[in-house]
Structures are given as C-alpha cells and as structure tokens.
Amino acid sequence: MHQRRVFPVTSGAETERLFAKNKNEAAPESGLGEAALAALAGVIAHSRAQNGRFFGYVQGSAEPVAALGDFVASVLNQNMTAWRSAPAGVTIERTVVRWLAEAIGCRRFTGTLTGGGSAANLMALAMARESRVPANDRGMFGSNEAKAVIYASEQAHMSIPKAVAMLGICRENLRYIHCDDAYRMLPSALDRAIAEDKSRGRKPIAVVASAGTVNTGSIDPLMEIAEIAHAQDLWLHVDGAYGALAALAVPEKFRGLSEADSISLDPHKWLFQPLDCGCLLYRDPEIARKTFTHTGTYAKQLSSDPIEGFAFFEESPELSRRFRALKIWLSVRFHGLQAFRDAIRLNLDQAQHLAAAVRSRAELEVVGPVELSAVCFRHLVSDQATEQQRNQFNLALLKKIVSRGNVYLSNAELKGKFCLRACIVNHLTTDADIDGVVPEVLANASEVVE
Ligand SMILES: Cc1ncc(COP(=O)(O)O)c(C=O)c1O
C-alpha cells in the first residue's frame, strides 16, 4: 500500500519560490483574473492533503458536509456578535453548544465556540481568575491577586502556561504537579502542593485537569481532582481539547467531567470539523459575563427579550466572530450523532490495533499508555544502544518517514525518551492505513541504519 506518496514533500525554499517569489513584491494593483484561480492548484499541491494516513499532532481530515457548511457560512457572512446581527446564526450556535454539552454528559453547561482549544483555555483561566481574585479593574497588583496560584499536571498543554502568562498570573505561579506512570496527575501531589502554598500565604485559585493529554491522551483522575477543587474552593477547568469529545463513545472514561466549572473541547479535532472550531463550556454564565462584559454605548442592548437581547460578546473577549456553528449543525444533522460516536470508537480501536502491531515487533516498543487514540513508540536500535543513541536514531527516523511522505507522524518526549507518535482523530483512517504504519517505520529504519 505504501508505494503511493500521499503527502507533498516540499521544502521551505520551494514554498518561498512559489508563494513569496520576491519578498518586496506588493499585492497586485490590477486583477489577475483566471490566473489567480489557476494558481490555486499549486497551493493545493503543496498542502498536506486530507487523508487517513495523517497521524501528526491532534489533527484529522475535514468532514465534507461540514466543509460545505463552512463554505455557506463564509458566503452568508453572518457576524456572531449578538442575536440582532445574526438571528439564525446565534440561535444555531447556542443550540450546537447545548448539543456538545449534552453529548459529553454536561447537560447544564452553556458556552461559546472559539478559534480552538488554546483560546478556550485562555478564556477559562480568565474566568477562574475573575471569580477568585477579581483583577479586571485594578490589575494583579493587590495583595491577594499577586499571590494567586494555578495547578496543572506536568503533562499540561503549552496553552496553559501561555494563558497564565497573558493573564498576569505569571508562569512562576503555575505549579506543575507530578504524574503517575500513566501520565495522570497525582491527586496526593496536588493536595500537598496546595497545602504548601497556603502555608506560605499564597492563594490557590484554580486547577487545570487534562481529559486527554497531548502526548499520550492520558485522562487525569477527574473525580478525585474535583473533590480537592471543591474542598479547597478552586476553579476546576478541564482541558479536553484533545479528548473530551471521546466521551461520546466512552463516557465511562470521563467520570467527574461534569464536576468542572469549565471545559475546553475541540470539534476541529475529534468531531472531524474543518478548522477552526473550538468550544468553551462553563457552568455559570454569570461568571462569563462578569469576566467579559464591557459594553460600549454603540452596542448597548435595545431589547429586553431574553432571546433577542442575547449577545455572545458579553460572554466572550471577541466581538466579531465567524459562523462556526453552521458546519457542526449541518454535519451532525446530516450524519446523526451516532455516526460520530462510531467514528470516534473506530479511532480508539485503531489505536489499540496499532499498539498491538508495534508490540509484535521486537525492535519496537510502545512507550506510555494508549488511553485514547495516541500511540507513542520508538525503535530500540539494539540491546546495547544507549538512550542517547536511541533518541538520535528515532529523531532521524521520524525525519525520514516524514520526508518519504507515505505516512505523517509527529513526536513526543516521554521521560527523556524521544518517541514517534501517531494520533488518530481521523474519519478517513482505514484499518489498512493502520496496518501500513509499522512496515513503513521499519522500511525507513533500515535506511537510517544504512
Ligand atoms: C490537550 C490540548 N489542549 C489544548 C490544545 C490546543 O488546541 P488548539 O490547537 O485548538 O488551540 C491541544 C492541541 O493539540 C491539546 O492537545
């Protein structure tokens, strides 16, 4: 199967030559007409095409009915500021958010669609800050605010330290909590860290749990963490950008999710939607309004009707927003939620299948757990190889695999081990695609040895 190259093998120099010929070149003054459209073929040829053998990062292929919805959304050009600007659109977004909340077992939550999980995490931590150490008016310089501390596991996504920095809480006040061997936050370590901070006069304000870590898809013990958060009056945010939508298929893995104050999830990951589409769910819209409302007189609400008077900009940092909900609305109505549930379950099974194929080869090893659909593994090189040699070999191997273009993998570093990583959140992935991964890795490995 791997005779056919499915990803363009391009270089920075090549894309510069094609799309940035002359760095000083200004935008064309007169229209290029048909030639501009013809140039789209080159853009497509140098894009990472949609197919089932893309296993990098946490990214799948865009589902075509959803892509049609996205196209219609662009043509309609509705602005999701408030009901008065986009009556159907705003109502559909509120509906879709409710569907998403219900689908993952969080019926009472409301929320908003975002550009992605990073934006949703930033919003969530802004709400956490405003609910525990209000700083919107006077900043983070008061006695309590300056002592605020947030907790996340050492496997937390990079968007968490970024958010903490942007919110003025500062990265020094983000505590990374140790994990167990399955890369899940240790509640006992969280408890200890909170007690230690309190004894030093600090103010713990929030804990971020992961429902699917970016490296291994590990799910923190949500119930235990929720108990600690409730007992300590901490805001509980669950970063489910990668994993939370798997609760459609395996809800038993996500016990405790509905105990959160806020949850990030990404329909542009495991609901197969075209980029971009993230979502932040929250339990209490009042806190969203407290955090984000600052309405100019030009946008003052003229209607007291709860539907017609609804404004997303009072619960979000954004004013103008695209009609992201249409793609979800159309594709879920077209296929039915069960089709998405089945596709997620298939990806989960495919990950186990891949892990078994890796384990069946003595020269390969699975590294870490396969909790959801991410499989981290590496080539052992030889019995005598040092960890450093293995790391170097696997780095070279990954570069070779990507440069051949038959399958796309990315990497993860687990306890100092450089791993190849395949993450399956792709409705186009077939069992044959999965069966092809190990032979492709081994074929490339023999070339790296040479
Ligand atoms: C666990 C986790 N959180 C947050 C994000 C960020 O999501 P986005 O890329 O949509 O901003 C990712 C992305 O992979 C992720 O895996």
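Two residues are in contact if their C-beta atoms, placed from the backbone, lie within 7 Å. This is a predicted model: local features need pLDDT of at least 70, side-chain atom pairs count only at pLDDT 80 or more, and totals for chains, interfaces and linings use all residues. Residues are numbered from 1 along each chain as its sequence is written.

**View 1. Glycine 217 and its contacts.** Leave aside the neighbours within four places in sequence, and glycine 217 is in contact with Gly212, Tyr242, Gly243, Glu371, Leu372, Ser373 and Ala374. Glycine 217 lies in the loop between strand S4 (203-210) and helix H9 (222-232). Helices (H or I, at least four residues) and strands (E, at least two) are DSSP runs, numbered from the N terminus. Is glycine 217 buried or exposed? It counts as buried, because it has 28 C-beta neighbours inside 10 Å. The cut-offs are these: buried means 20 or more other C-beta atoms within 10 Å of the residue's own, exposed means 12 or fewer, and partly exposed is in between, with C-beta atoms placed from the backbone. Tyrosine 183 is 34 residues away along the chain, yet its C-alpha atom is 8.8 Å from that of glycine 217.

**View 2. Cysteine 423 in strand S11.** Cysteine 423 lies in strand S11. It has 30 other C-beta atoms within 10 Å, so it is buried. Beyond its neighbours within four places in sequence, cysteine 423 is in contact with Phe55, Tyr57, Val58, Ser373 and Ala374. Valine 366 is 57 residues from cysteine 423 in sequence and 13 Å from it in space, C-alpha to C-alpha.

View 3. Most residues other than glycine have a negative phi, and most peptide bonds are trans. Tyrosine 57 is not a glycine, but has a positive phi of about 50°. Tyrosine 57 sits in the loop between helix H3 (40-45) and helix H4 (64-76). It counts as partly exposed, because it has 16 C-beta neighbours inside 10 Å. Lysine 415 also has a positive phi, near 45°. Its loop runs between strand S10 (410-414) and strand S11 (417-423). Lysine 415 has 10 C-beta neighbours inside 10 Å, so it counts as exposed. A cis peptide bond joins leucine 275 and aspartate 276, with omega about -5°. Aspartate 276 lies in the loop between H10 and strand S7 (278-282).

**View 4. Helices H6 and H11 cross.** The axes of helix H6 (residues 117-132) and helix H11 (residues 285-292) come within 9 Å and cross at roughly 90°. Axes are lines fitted to C-alpha atoms, for helices over the stretch in contact, and angles run from 0 to 180 degrees between N-to-C directions. H6 and H11 are therefore roughly perpendicular to each other. That term covers 65 to 115 degrees; under 35 is roughly parallel, over 145 roughly antiparallel, and the rest oblique. Ala126, Met127, Glu130 and Ser131 in H6 meet Ile287, Ala288, Lys290 and Thr291 in H11.

**View 5. The shell around the ligand.** Which residues come nearest to the ligand? Of the 15 residues around it, these are Gly116, Gly117, Ser118, His157 and Ala241. A residue is near a molecule or strand if its C-beta atom, placed from the backbone, lies within 6 Å of it.
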